[in-house]
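My notes follow in the order I worked.

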Amino acid sequence: MSAFLLQHEPAVRLAGFVGLFLVMGLSELLAPRRALVRSRLARWRTNLGLAITGTALIRLALPLAAIGAAFWAQDSGFGLFNRWAAPLILSVPLSLLALDILVYGQHVAFHRFAILWRLHKVHHADPELDVTTALRFHPLEILASMLVKMATVAALGCPPVAVLIFEVVLNGTAMFNHGNLRLGARLDRALRIFIVTPDMHLVHHSIRLDEQMRNFGFNLSLWDRLFGTYRAEPAEGRAAMRIGLADMSGPEPLSFFRSLGLPFFSAKLPGEAR
């Protein structure tokens, strides 16, 4: 099974992305959590444009990306799991946990350090929240995140199959928890014991700075609870809370080129005062 996944890695990733994107898009139409008031076409054009640009940058700068780092570590015997010759039954779940806490810690860092916040602000500049917000990251943030991931994969000696599983799962859970999807209170409470739900992540996209500094997880909800960054509900309630950034209430976040230039040409950022 793992050999098949690795042999067809690009197709597996693409199929997972397209399949879940279509499912989430349809679910948002059938059971939306909030009424979207901005132009979906304008937002989707920007968000998908950023995703395509970031993917192209990775393919050009780091064509083998994280899975390439895993193969290199495996072939050269580099990294913790390879040095210990850890069996897959141990190294795969430990790799998934390690990479997930890495994403959590990296997300915290992008909010706490001014130079990183300048990049990450592009993600939070989206004035609405739906499945495409999960794809809305500045290409340089995507590149920086991949470099950190590659270094971690190599240092740990993560098995290639674990990296592939993590990439597919992370992409899927990001689209899920950014989705404009109404789950219902009972189901949401049950799911967020284990994973980050749309209502849980909604708090993180609040216009309030204190709420932006909560609920950093993308996959497992464990890390927010463990490190004291969990918040169950927004102060103003889900229906009334405002999404986005306090200093960007106009149409600028919807522009693709404005989003690309935002880290370099914006005024002093609220995140830089933290």
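These entries go from the whole chain down to single residues.

**Fold.** I am working with a predicted model, and I keep that in mind throughout. I went through the secondary structure first. I found 14 helices and zero strands in the chain.

**Overall shape.** Along the principal axes it spans about 55 × 45 × 35 Å. Then I asked how the radius of gyration compares with that of a compact globule. For 274 residues the globule value would be near 19 Å, and the chain has 18 Å, so the two agree.

**Packing.** I checked burial over the whole chain. Buried residues account for 50% of the 274 residues. I also looked at contacts between residues at least 6 apart in sequence. Of these, 76% join residues at least 24 apart.

**Surface and charge.** I counted 27 positive and 19 negative charges. Their mean positions lie 2 Å apart.

**Main core.** Which residues have the most contacts inside the largest nonpolar core? I found Met146, Val153 and Val163, in a core of 34 residues. I then listed the elements that give two or more residues to this core: helix H2 (9-30), helix H3 (40-61), helix H4 (65-76), helix H6 (88-112), H8 and helix H9 (160-178). H9 gives the largest share, seven residues.

**Second core.** I also found a separate core of seven residues. Leu50, Ala125, Leu245 and Met248 are among them.

**Methionine 146.** I returned to this residue and set aside its neighbours within four places in sequence. Methionine 146 is then in contact with Ile58, Leu62, Ala65, Ala66 and Glu167.

**Threonine 132.** I ended on a loop residue. Threonine 132 is found between helix H7 (114-124) and helix H8 (139-156). Is threonine 132 buried or exposed? I read 0% relative accessibility for threonine 132, and buried means under 20%, so this residue counts as buried. Which residues does threonine 132 contact, leaving aside neighbours within four places in sequence? I noted Phe21, Arg43, Trp44 and Asn47. Phe21 falls in the range of H2 (9-30). Arg43, Trp44 and Asn47 fall in the range of H3 (40-61).

Notes. Residues are numbered from 1 along each chain as its sequence is written. This is a predicted model: local features need pLDDT of at least 70, side-chain atom pairs count only at pLDDT 80 or more; totals for chains, interfaces and linings use all residues. Side-chain values use heavy atoms; hydrogens and water are left out. Helices (H or I, at least four residues) and strands (E, at least two) are DSSP runs, numbered from the N terminus. Buried means under 20% relative accessible area, exposed over 50%, partly exposed in between (1.4 Å probe, protein chains only). Contact means heavy atoms within 4.5 Å. The radius of gyration is taken over C-alpha atoms; the globule rule is 2.2 Å times the number of residues to the power 0.38. Lys and Arg count as positive and Asp and Glu as negative; His and the chain ends are not counted. The place of a charge is taken as NZ of Lys, CZ of Arg, CG of Asp or CD of Glu. A nonpolar core is a set of buried Ala, Val, Leu, Ile, Met, Phe, Trp, Tyr and Cys residues joined through side-chain atoms within 4.5 Å.
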